[in-house]
Every structure is written in structure tokens, then in C-alpha cells.
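Welcome! Here is a short tour of a structure that may be new to you. Take a look at the sequence and the model, then read on.

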Amino acid sequence: MTMREVEDQLKDTRLYIGQFSQAVSMDIHRLNVILFSYLKEVGAAEEVTCPSCKQEILIPLIDGLDRETHCPSCNAPLDEGQQSLDDYTEEE
Ligand SMILES: [Zn+2]
């Protein structure tokens with residue numbers, strides 16, 4: 001195999017990986033939309049607006065799943081200035 005052929009193959013592989021990862025990420029995005037719409041519909045998700053970047057975040061409220069405490073976009077804490085239910089129970 002010549003150097004030129006190796007380069008061409010590498011280019012093809014890169015292109016393929018790029019298309020593949022794009023397809024995967026589109027699939028994941030689609031699944032995310034379906035999952036979160038469903039969770040919202042059954043009342044198993046809470047909509048929160050990030051105090052920092054103002055993005056709307058759907059937090060899944062599922063037993064055994066840790067509640068998200070930070071914005072997935074900017075990593076700012078979501079519960080700042082807000083007391084969670086756990087805080088109230090601890091006070092009693
Ligand atoms: Zn944010």
C-alpha cells in the first residue's frame with residue numbers, strides 16, 4: 001500500500017467516524033426528547049430554569065436516581081437559595 005492510499009483510507013475512516021458519531025448523537029438527542037417528554041407527562045420530571053444561563057432543564061424525579069444539582073450546560077448550582085424537601089425534613 002502506498003502512502004497515498006494509506007492517507008486516503010485514513011480520510012475515509014475519519015469521515016465515517018464523523019458521520020457515525022453524528023448519527024449516534026442525533027439518536028441520543030431524539031431519545032432524550034422522547035424520554036423527557038414522557039417523564040414530564042407522567043409527572044416524573046421537574047422543570048427548572050438555570051439561575052445562571054437561564055436554560056430550562058428537566059430534572060428526572062425517579063427513585064434511586066440522584067437528583068441533578070448542577071446545570072448540565074454551565075455547571076451552576078440549580079438549588080441556590082432554594083431549600084429542598086430534604087432540608088425541611090432534617091430540621092424537624
Ligand atoms: Zn446553566
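This is a predicted model: local features need pLDDT of at least 70, side-chain atom pairs count only at pLDDT 80 or more; totals for chains, interfaces and linings use all residues.

Of the 92 residues of the chain, 0% count as buried.

**The chain as a whole**
- The chain holds 2 helices and 2 strands.
- Read from the N terminus, these elements follow the order α-β-β-α.
- Among the contacts in the chain with a separation of 6 or more, 14% are between residues 24 or more positions apart.

**Helix α1**
- Helix α1 covers residues 3-41, which makes 39 residues.
- Just after α1 comes G43, whose phi is positive, at about 75°.

**The two strands**
- Strand β1 takes in residues 45-49 and strand β2 takes in residues 56-60.
- The two strands run antiparallel and are joined by 5 bridges.
- You can follow the pairing residue by residue: A45 stands opposite P60 in β2, and E46 stands opposite I59 in β2.
- As a general point, side chains in a regular strand alternate between the two faces of the sheet.
- β1 and β2 form a hairpin with 6 residues between the strands.
- In this hairpin, K54 has a positive phi near 65°.

**A closer look at C50**
- C50 sits in the loop between β1 and β2.
- Burial calls for 20 or more other C-beta atoms within 10 Å, and exposure for 12 or fewer; C50 has 18 C-beta neighbours inside 10 Å, so it counts as partly exposed.
- Which residues does C50 contact, leaving aside its neighbours within four places in sequence? They are Q55, I57, C71, S73, C74, A76 and L78.
- One of these partners, A76, is 26 residues from C50 in sequence, with a C-alpha to C-alpha distance of 7.6 Å.

**To take away**

Note on methods: Residues are numbered from 1 along each chain as its sequence is written. Helices (H or I, at least four residues) and strands (E, at least two) are DSSP runs, numbered from the N terminus. Two residues are in contact if their C-beta atoms, placed from the backbone, lie within 7 Å. Two strands pair if DSSP finds at least two bridges between them. The expected span of a helix is 1.5 Å times one less than its number of residues.
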